[in-house]
Amino acid sequence: PVVFGHEASDVGYRASRELQKLGDDCRIMDPDVARDRRGPVKSDKADARRIALAPKFGNYLQVVFPPVQ
């Protein structure tokens, strides 16, 4: 099965809701999962790789958001 991962943000919440409506599994992750502990340099490419690999290895904290009312 395919598991989608997205960093917690407004876009992440909306994407997750849309994917769940389609029956897909989308996990919203704590943004710290993408932080590189080795230095302050931020790289979207490196962050995306960490987020993509996090569900495979289970090394993330899932953010739970309230349902839309």
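Me: Which residue, with a positive phi, follows α2?
Reply: The model is predicted: local features need pLDDT of at least 70, side-chain atom pairs count only at pLDDT 80 or more, and totals for chains, interfaces and linings use all residues. Residues are numbered from 1 along each chain as its sequence is written, and side-chain values use heavy atoms, with hydrogens and water left out. Helices (H or I, at least four residues) and strands (E, at least two) are DSSP runs, numbered from the N terminus. Helix α2 is followed by a residue whose phi is positive, near 70 degrees, namely G58.

Me: What pattern does the protein chain follow along the sequence?
Reply: The protein chain has two helices and two strands. Read along the sequence, these elements give the pattern β-α-β-α.

Me: Do strands β1 and β2 run parallel or antiparallel?
Reply: Two strands pair if DSSP finds at least two bridges between them. Five bridges join β1 (residues 3–7) to β2 (residues 25–29), and the direction of the two strands is parallel.

Me: Which residue in β2 stands opposite E7?
Reply: E7 is found in strand β1. E7 also touches G12, P31 and I51, among others, where contact means heavy atoms within 4.5 Å and residues up to four places away in sequence are not counted. The residue opposite E7 in β2 is M29.

Me: Is E7 buried, partly exposed or exposed?
Reply: Buried means under 20% relative accessible area, exposed over 50%, and partly exposed in between (1.4 Å probe, protein chains only). E7 has 28% relative accessibility, so E7 counts as partly exposed.

Me: How far does helix α2 reach from its first C-alpha to its last?
Reply: Helix α2 (residues 44–57) has 14 residues. The expected span of a helix is 1.5 Å times one less than its number of residues. For α2 the expected span is 20 Å, and the reach in the model is close to this, at 20 Å.

Me: Within what arc do the buried residues of α2 fall?
Reply: In α2, D47, I51, A54 and P55 are buried. Seen down the axis of α2, these buried residues line one face of the helix because they fall within an arc, taken from the directions from the helix axis to the C-beta atoms, of 80 degrees.

Me: Which strands do the buried residues of α2 pack against?
Reply: On the other side of α2, K45, R49, A52, K56 and F57 are exposed. The buried residues of α2 pack against β1 and β2.
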